[in-house]
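My notes follow in the order I checked things.

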Amino acid sequence: MSRGPLLHVVGVSHHTAEVSLRERLALSPEDVSGRLLVAAAAGRSLVILSTCNRLEFYWWGDSDQETEFRDFATERRVAIDPALVYRRDGEAAVRHLFSVASGLDSQVMGELEILGQVRRAHHLAAAAGASRWEIDLTFAAAAAAGRRARRDTVLGRHPASVSDSAVQHAARCLGGSLARATVLVLGAGEVAASVLRILESQGGAARITLMSRRGERCSALAASVPGANVSCADWSGLATELDGADVVITATGSRRPIIDAATLTRAVARRPGGCGPIVLDLGVPRNVDAAVRDVPGVRLFDLDDLRLQHCPAVGPAAPELDEVGRILDREFERYDRTLRRRNAAPELAELHRLGAVLAREEAERAIAELGVISDEEGAVVRRMAERLARRLLYPASRTLLDD
């Protein structure tokens, strides 16, 4: 008998856990690959979605990975309140994944980055051998749902991201524009690239400096956004760059803070008027020591601050959200039909094989009872037996597909 989805998910996200907890659970791509290889070696399926706003373990079937998730937290010496951990199973897990891929579950409604992150999470699992055809089908359907939701609704007409929210918030803090500001961007990854593209689309700034410990990657990123007038600086000059920055946006993969309170205190002391920069920390783990909040003249905002201050773009109106929901419902129904048919295929194949055997046996029995008949008449009897078998099997086939 065909079955519905056996997907499961357990995790925490910005809905349930503050950034101070999420950063302690954050996994690097290397960490993710290592855990996936362990799961594959044990014959378990696993997809790990680790972003700045969520850590989720997805798996298929009966092997319960919730224990693995909690053991991982214990390894990190993180005591998680059980109320912060959510779990969804079956249809609810698939619908959750569809919502995540479409951006409906994001800190910023409809953000673009999450769809790529969902794809990469699945690709890592497949490369490690921790996927299976049901997971391949489910994540492909989630990606299709995410694309369609953006293509056909307001989500695609008004794309947003955490990077967009940070740039907008910095502009508001400076009176509505960054046109006269000196902006320092730390990092050369996906988030930093997004920040540069948004700065370019909004007219740039008086000066944009990009810094990364990976010099070649920094230069390549700066060159890829020529309209933003970006220059690269050597990492050793961080203190000097902090002296003149009006806005600092951090987006590195560092496991430890790269800016501490002492460094910014000295930077503020060297600035006229003792007015420090606006610092937006988009890193998870956080790139800026929380003690920076106590440095006079410095305004620090992390991901939780951005969420609490509602600086992300206002979400779509309720009717438009309803349309997104209807699209995701249709995509789930399409996925569920495909899954059930794939599950039913072996049973259908066996059913039709037995039907063909019975048709041949009954045809040969009828031909023997008829006595001497021509080859043409025998062929008619055989075709009739095959047609009768197919017609009798049709209701059973539909039951298997629709069950």
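Where in the chain is the place of R77? I found R77 in the loop between α3 (66-75) and β4 (86-89). I kept in mind that this is a predicted model. I looked up R77 for its backbone: phi is near 60°, a positive value in a residue other than glycine. Then I checked its surface. R77 has a relative accessible area of 75%, and over 50% counts as exposed, so I put R77 down as exposed.

Next entry, peptide bonds. I noted a cis peptide bond joining V284 and P285, with omega at about 5°. P285 has its place in the loop between β9 (278-281) and β10 (299-301).

How many cavities of 30 Å³ or more does the count come to? I got one. The largest cavity has a volume of about 60 Å³.

Then the open space. I read about 1400 Å³ for the largest pocket. Its lining has 41 residues, and P29, G189, E190, T252 and G253 lie nearest the centre. Which elements each supply at least two residues of the lining of the largest pocket? I wrote down α2 (29-41), β2 (47-50), α5 (113-128), α8 (162-173) and α9 (190-201). The largest share comes from α5, with six residues. Sorting the pocket lining by class, I got 18 nonpolar, 14 polar and nine charged residues.

Last entry, a helix pair. I looked at α4 (residues 91-102) and α6 (residues 133-152), which pack at an angle of about 45° with their axes 8 Å apart. Why did I call α4 and α6 oblique to each other? Angles under 35 degrees count as roughly parallel and 65 to 115 as roughly perpendicular; the angle here is about 45°, and α4 and α6 are therefore oblique. I also noted the hand: α4 passes α6 in a right-handed crossing.

Note on methods
Residues numbered from 1 in each chain as written. Predicted model: local features only at pLDDT ≥ 70, side-chain atom pairs only at ≥ 80, totals over all residues. Heavy atoms only, no water. Helix = DSSP H or I, 4+ residues; strand = E, 2+ residues; numbered from the N terminus. Buried < 20%, exposed > 50% of the residue type's maximum accessible area, 1.4 Å probe, protein only. 1 Å grid on protein atoms, 1.4 Å probe; cavity = no way out; pocket = protein on both sides within 12 Å on 5 of 7 lines; lining within 4 Å. Points joined across faces, edges and corners; volume = space filled by probe spheres on them. Nonpolar A, V, L, I, M, F, W, Y, C, P; charged D, E, K, R; others polar. Axes fitted to C-alpha atoms, helices over the stretch in contact; angles between N-to-C directions. Parallel < 35°, antiparallel > 145°, perpendicular 65-115°, else oblique. Left-handed = near helix turned anticlockwise from the far one by under 90°.
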